[in-house]
Amino acid sequence: MVGKGMTRKKLDMYAVLGARSDASPRELRLLYQQKAIQCHPDRLGPEASDDERVAGQQRFVELQKSWETLSDADARRMYDAQTREEALAQPYLVHARLSLEDMEWNEESKCHLLRCRCGDWFEVVPTDIKEGTLAVSCNSCSLCIEVVHSN
């Protein structure tokens, strides 16, 4: 629920499907089918609470909405254009947008890492990980990435 003074975060349809923005229609369809099987509300067992059922239904609605938009070439072009426009209005320049799974886990330092093009690292520690999008700056240069995480 969004209260007064709060804004609803825009749905990242590619992240919902677990896809990159340059995914082919075939890749999108396969990812959608896999996610639909995984998160269909009917898969919740009888022991699921009402909150779990509501959350599961919401995830499935987001999945359906994402698929409907990204599977239609015209709707996808419009969504991509709107997303690019919104990215340009951000207070920082985003070099890449990726999921947490695209980063490598470093057991020694207990964090997720991604090599920056300058040669240094983007780091995400477990305490930074929350549902949604996290802006991460390189340790050396001015590049920034957005890490999208959903449970």
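Guide: A crossing is left-handed if the near helix is turned anticlockwise from the far one by less than a right angle. In this predicted model, the crossing of α2 and α3 is left-handed.

Visitor: Why are α2 and α3 called roughly antiparallel?

Guide: Angles over 145 degrees count as roughly antiparallel. The axes of helix α2 (residues 25-39) and helix α3 (residues 50-70) cross at roughly 165°, therefore the two helices are roughly antiparallel to each other. Their axes come within 10 Å.

Visitor: Which residues of α2 and α3 meet?

Guide: From α2 there are Leu28, Arg29, Tyr32, Lys35, Ala36 and Cys39, and from α3 Gly56, Phe60, Leu63, Gln64, Trp67 and Leu70. By class, this contact has eight nonpolar, two polar and two charged residues.

Visitor: What makes His112 count as buried?

Guide: Buried means under 20% relative accessible area. His112 has 14% relative accessibility, so His112 counts as buried. His112 lies in strand β3 (residues 111-115). Leaving aside residues up to four places away in sequence, His112 touches Leu100, Met103, Glu104, Trp105, Phe122, Glu123, Val124 and Ile129.

Visitor: Why is Glu86 called partly exposed?

Guide: Partly exposed is the range between under 20% for buried and over 50% for exposed. The relative accessible area of Glu86 is 36%, so Glu86 is partly exposed. Glu86 belongs to helix α4 (residues 73-88).

Visitor: How many residues apart in sequence are Glu86 and Ser99?

Guide: Glu86 and Ser99 are 13 residues apart in sequence, and 19 Å apart in space from C-alpha to C-alpha.

Notes:
Residues numbered from 1 in each chain as written. Predicted model: local features only at pLDDT ≥ 70, side-chain atom pairs only at ≥ 80, totals over all residues. Heavy atoms only, no water. Helix = DSSP H or I, 4+ residues; strand = E, 2+ residues; numbered from the N terminus. Buried < 20%, exposed > 50% of the residue type's maximum accessible area, 1.4 Å probe, protein only. Contact = heavy atoms within 4.5 Å. Axes fitted to C-alpha atoms, helices over the stretch in contact; angles between N-to-C directions. Parallel < 35°, antiparallel > 145°, perpendicular 65-115°, else oblique. Nonpolar A, V, L, I, M, F, W, Y, C, P; charged D, E, K, R; others polar.
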